[in-house]
Amino acid sequence: MLPHETKTRRLELDEYANSRRICGPSVPPQHSTSKTRPNGAQMDGKSWLMLIVLSILWGGSFFFTEIALVDLPPFTLVLCRVAIASLILWWVVLLRNIAIPQDPTFWGTIAVMGAFNNLVPFSLIVWGQTHIASGLAAILNGTTPLFTIIIAHVATDTEKLNLRKAAGVLIGFAGVLVVIGMPEAKTSAATDLLSTLAPCAVLLAAISYGCAGVYGRRFSTTSPILTAAGMTSASSLMLIPLAAVVDTPWHLPIPSPTTIMAVLGIAVLSTALAYILYFAILKRAGASNLLLVTFLIPVSAILLGVGFLGETLLVQHIVGMGVIGVGLAVIDGRIRNLLFSSAHKQV
């Protein structure tokens, strides 16, 4: 889920912070004390196409995960994802001649960010998908903005809840209750306990993304690509002992070609390329328009899961996704601004 260019540097930083309260996976936001929210750039045809592609890439992560889990356990799969992505992102850093900080403190904070933004949420989501459908996981992951707003309200002095945001959060969580009211087990072998815990794991991942969105403000002067490369590298190092102890990957059978392609898909497309495309859209269309990807990711994941994996979602899941979407729309304020603008023109 991320930020944008505006007419002034100060407004740009404010847009960056606003966007990270809505989207995920997190890339550290930049922040300003400015409360002005400009209208931002307009969405043209190319911007819409790029946005749709980004939603497919991020929605595709749930699809690729479902395929790769056939041969790989969660920690090993997440390790492959972030390790391969980090190599690609570091290549981009070198191509762009981005200066690499030498301060150990910086890399310590990068490690914390990697844990909040990659290690914890990726692992929880992947484990959750061993018991629930990829589309349901994507819907629950779409609650990231709701948790981010609450965390920002508690942890900061500048991002307090107002009436509109509070209403949006309440509506969004009502949608969550609809979604998980009757959890759907992925297979008949799944226990009731696991089928209940799996949605909770994805919600915990969304909370972790929210923490990353708030914690990441300290990287306001750092290149986003460098930060993304650092995060994926740090999480890779932390995952190596976890995967070794829990999964003992050297005892696993050789993955099938399908699994290998799925791992490459989630690492190259849904992680490295998605980060790069995100920043391209950010520069072209602005943060406010980029928020629209939040609404598209679950749709992409559901279509991929139903179309290629034979998954089915209950009516309650679709209804809950719609309610969550309404909550996000209220938080964003886009619909309210559009209605006020239309009313003003009529007057």
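Isoleucine 276 is partly exposed, with a relative accessible area of 24%, where buried means under 20% relative accessible area, exposed over 50% and partly exposed in between, computed with a 1.4 Å probe on protein chains only. This residue is found in helix H10 (residues 257-285), helices (H or I, at least four residues) and strands (E, at least two) being DSSP runs numbered from the N terminus. Although isoleucine 276 and valine 92 are 184 residues apart in sequence, their C-alpha atoms are 9.0 Å apart in space.

The structure is a predicted model, in which local features need pLDDT of at least 70 and side-chain atom pairs count only at pLDDT 80 or more, while totals for chains, interfaces and linings use all residues. Residues are numbered from 1 along each chain as its sequence is written, and side-chain values use heavy atoms, with hydrogens and water left out.

Of its 347 residues, 54% count as buried. Helix H5 (residues 134-141) is mostly covered, with 8 of its 8 residues buried; among them are Ser134, Gly135, Leu136 and Asn141.

Two packed helices are described by the angle between their axes and the distance between the axes. The axes here are lines fitted to C-alpha atoms, for helices over the stretch in contact, and the angles run from 0 to 180 degrees between N-to-C directions. For helix H2 (residues 45-68) and H10, the axes come within 8 Å and cross at roughly 155°. That makes H2 roughly antiparallel to H10, given that angles under 35 degrees count as roughly parallel, over 145 as roughly antiparallel, 65 to 115 as roughly perpendicular and the rest as oblique. The contact of H2 with H10 has, by class, 20 nonpolar, 8 polar and 2 charged residues, where Ala, Val, Leu, Ile, Met, Phe, Trp, Tyr, Cys and Pro count as nonpolar, Asp, Glu, Lys and Arg as charged, and the others, Gly among them, as polar.

The axes of helix H3 (residues 74-95) and helix H9 (residues 224-247) likewise come within 8 Å and cross at roughly 155°, which makes H3 roughly antiparallel to H9. In the contact of H3 with H9 there are 20 nonpolar, 7 polar and 1 charged residues.

Aromatic side chains were also examined, and a search of the whole structure finds 9 aromatic pairs, rings of Phe, Tyr and Trp (its six-membered ring) being paired if their centres lie within 6.5 Å, with planes under 30 degrees apart counted as stacked, over 60 as edge-to-face and the rest as tilted. One aromatic cluster is formed by Trp90, Phe106, Trp107 and Phe219.

Most residues other than glycine have a negative phi. Asparagine 97, however, has a positive phi of about 55° although it is not a glycine; this residue lies in the loop between H3 and helix H4 (104-128) and is exposed, with a relative accessible area of 68%. Threonine 248, also not a glycine, has a positive phi of about 40°; threonine 248 is found in the loop between H9 and H10 and is partly exposed, with a relative accessible area of 24%.
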